[in-house]
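I am opening a notebook page on this structure, and I want to write down each thing as I look it up.

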Amino acid sequence: MRSPRVDLELDGLEVSFDHTAVAAPRITDLLPIYRDLLGGRHLGGGGDNRIAGYRTLQLTYANGGKVELMEPLAGSTFFDSFFELTRGRGGVHHLNFHVDDLSAAVARLTARGYRLHGLNRADARWQEVFLHPKEAHGVLIQLAQPGPREPGDLRPSLEDVLAGRGRYGNGIPSS
């Protein structure tokens with residue numbers, strides 16, 4: 001059964017909530033809560049964004065909900081201001097919504113005067129843009145248009161991701 005469409009600000013575009021992202025200095029600090037205590041399961045996948053400087057993986061839950069766990073790569077400044085705001089502990093980093101047409105979403109939001117940043121169309125598998133937190137009551141909102149996956153796409157294990165062998169992994173284990 002499909003979830004109801006959300007048409008409020010995006011005028012008929014298909015919009016669906018996908019996940020909440022939580023960042024900490026180390027993904028291993030998050031696993032005791034989100035995996036062990038709350039029962040999240042890693043279904044494979046995850047890796048490094050070497051350009052931005054972070055590692056990520058997702059856990060899923062019995063009801064289909066997902067939490068993305070994130071950590072900075074060694075030497076990265078990607079989360080510096082976020083960790084400064086959270087006194088080094090981390091926390092909820094962003095909410096992710098999937099849209100069926102990123103170009104149309106960007107056009108509609110900018111026409112309404114919303115400030116967007118981080119438009120990235122470099123990877124056909126994942127195109128994204130962010131709605132600035134000042135536009136969303138302090139919450140960073142990611143709008144993404146997922147693309148097609150290859151049939152043989154590798155789904156690295158949790159151990160592989162943490163060892164730096166996930167998608168685009170840098171080979172350096174999480175600390």
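Before the first entry I note the cut-offs: a residue is called buried under 20% relative accessible area, exposed over 50%, and partly exposed in between. I also note that this is a predicted model.

**Entry on salt bridges.** I looked up the salt bridges and found that the structure holds seven. In one of them the side chains of Asp48 and Arg55 meet at 2.6 Å, N to O. Are these two residues buried or exposed? Arg55 counts as buried because its relative accessibility is 1%, which is under 20%, and Asp48, at 5%, counts as buried for the same cut-off. I then saw that Asp48 and Arg55 are linked with Glu71 in a network of salt bridges.

I looked up two further pairs. The side chains of Arg35 and Asp36 form a salt bridge of 2.7 Å, N to O; Arg35 is partly exposed at 31%, and Asp36 is partly exposed at 48%. Arg165 and Asp160 meet through their side chains at 2.8 Å, N to O, where Arg165 is exposed with a relative accessible area of 52%, while Asp160 counts as partly exposed at 25%.

I wrote down a general point before looking inside: in soluble globular proteins, nonpolar side chains tend to be buried together. The largest nonpolar core here has 14 residues, and those that touch the most other members are Leu31, Tyr34, Leu57, Leu59 and Leu69. Helix H1, strand E3 (54–60), strand E4 (66–72) and helix H4 each supply at least two residues of this core, and H1 gives the most, with four residues. A second, separate core has 13 residues, among them Leu13, Ala104, Val106 and Val129. Going back to Leu57, I listed its contacts beyond four places in sequence, and they include Ile27, His42, Val67, Leu69, Leu158 and Leu162.

Which residues make a nonpolar surface patch? I found Ile33, Leu37 and Leu38, which together make a patch of about 310 Å². Leu37 lies in helix H1 (residues 27–37) and is exposed, with a relative accessible area of 65%.

**Entry on phi angles.** Most residues other than glycine have a negative phi. His137 sits in the loop between strand E7 (126–131) and strand E8 (141–146), and it is exposed at 83%. Tyr168 also has a positive phi, near 60°, and is found in the segment after helix H4 (158–162).

Methods
Residues are numbered from 1 along each chain as its sequence is written. This is a predicted model: local features need pLDDT of at least 70, side-chain atom pairs count only at pLDDT 80 or more; totals for chains, interfaces and linings use all residues. Side-chain values use heavy atoms; hydrogens and water are left out. Buried means under 20% relative accessible area, exposed over 50%, partly exposed in between (1.4 Å probe, protein chains only). Patches are made of residues with over 30% relative accessible area and no salt bridge: like charges are joined within 9 Å, nonpolar side chains (Val, Leu, Ile, Met, Phe, Trp, Tyr) within 5 Å. Accessible areas come from the Shrake-Rupley method with a 1.4 Å probe; for residues, only the protein chains shown count as cover. A salt bridge is a side-chain nitrogen of Lys or Arg within 4 Å of a carboxyl oxygen of Asp or Glu. A nonpolar core is a set of buried Ala, Val, Leu, Ile, Met, Phe, Trp, Tyr and Cys residues joined through side-chain atoms within 4.5 Å. Contact means heavy atoms within 4.5 Å.
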